[in-house]
Amino acid sequence: MTKLLGPDGNPIDFTRLTEETAAPEMAGIRSAWMDGIAAGMTPRKLAAILKAADMGDGHDYLTMAEEMEELEPQYGTVLGVRKRAIQGLEIQITASSDAAEDVALADEVRTLFDAPTMADLVGDLLDALGKGYAICEIMWETAANRWTPREYIWRDPRHFHFDRLTGRHLRLRDGTLDGADLPAFKFVIQRFRLKSGMPLRGGLARFA
């Protein structure tokens, strides 16, 4: 197989691209189920949740952000209006030049965006508006010579955390302190920056 280099300059491990990396676990830290925390919320509890998020532990904060969309009608409505406004925009793809290679590449991208799965991907990534970031895992179709995305699976943002050094690089929760790195070309990550700084502080839920 041809050797391709990832963004870090290292060869891509194709075996990792064919495996499901961030699936929920029946018994583990990446549970598909959510224990609510909104019930019995107090100013002291809220302050503790926000402080923990500021220190890089966004689990309870992200849980609260999810519940806010369901329990606060005005917030959920405003967020829904913003999402639908973006989903209603017409996607335009333009070749970077008139060169045959660039035109062909633009056509390939248009084909990807015309796929039915793209609408679901856009909708799932808009979860970043409230929470600050959203992430979907790419499941690749590898039967043909040219690999193409077969499916985009929304992943619970609570199953990831940011690195301890910069607070900006997502890592997969795996029970270790640092977490696992995310393979190149395996995830689509959307960050919503209502303000500069840490992604957990950039979503609408933080202000609400």
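Buried here means under 20% relative accessible area, exposed means over 50%, and partly exposed is in between, all with a 1.4 Å probe and protein chains only. Arg173 is buried by that cut-off, with a relative accessible area of 18%. This is a predicted model, where local features need pLDDT of at least 70 and side-chain atom pairs count only at pLDDT 80 or more, while totals for chains, interfaces and linings use all residues. Residues are numbered from 1 along each chain as its sequence is written, and side-chain values use heavy atoms, with hydrogens and water left out.

**Salt bridges**

- A salt bridge is a side-chain nitrogen of Lys or Arg within 4 Å of a carboxyl oxygen of Asp or Glu, and that rule gives 16 salt bridges.
- As background, side chains of opposite charge can pair when their charged atoms come close.
- Back to Arg173: its salt-bridge partner is Asp57, with the closest N and O atoms 3.8 Å apart.
- Asp57 sits in the loop between α2 (43-54) and α3 (59-71) and Arg173 in the loop between β4 (170-172) and β5 (187-191), so this pair ties together parts that are 116 residues apart in sequence.
- Helices (H or I, at least four residues) and strands (E, at least two) are DSSP runs, numbered from the N terminus.

**Pairs involving helix α5**

- Asp107 and Arg110 form a salt bridge whose closest N and O atoms are 2.7 Å apart.
- Both sit in helix α5 (residues 100-114), and being three residues apart there puts about one helical turn between Asp107 and Arg110.
- Asp107 counts as partly exposed at 39% relative accessibility, and Arg110 is also partly exposed, at 32%.
- Glu108 pairs with Arg146, and here the closest N and O atoms are 2.5 Å apart.
- That pair links distant parts of the chain, 38 residues apart: Glu108 is in helix α5, Arg146 in the loop between β1 (133-141) and β2 (148-155).
- Arg146 is exposed at 55% relative accessibility, whereas Glu108 is partly exposed at 37%.
- Elsewhere, salt bridges with shared partners join Glu66, Glu69, Lys83, Asp127 and Lys131 into one network.

**Helix α3 and Met64**

- Which residues of α3 are buried? They are Tyr61, Leu62, Thr63, Met64, Ala65, Glu67 and Met68.
- The cover over these buried α3 residues includes α2, α4 (73-87), α7 (128-131), β1 and α8 (204-207).
- The expected span of a helix is 1.5 Å times one less than its number of residues; for the 13 residues of α3 that should be 18 Å, and the end C-alpha atoms are 18 Å apart, which agrees.
- Met64 lies in helix α3 and has 9% relative accessibility, so it counts as buried.
- Contact means heavy atoms within 4.5 Å, and on that basis Met64 touches Ile37, Met41, Leu46, Ile49 and Leu50, leaving aside residues up to four places away in sequence.

**A backbone angle to check**

- Most residues other than glycine have a negative phi, and most peptide bonds are trans.
- Phe185 has a positive phi, near 65°.
- Where is Phe185? Its place is in the loop between β4 and β5, and Phe185 is partly exposed, with a relative accessible area of 44%.
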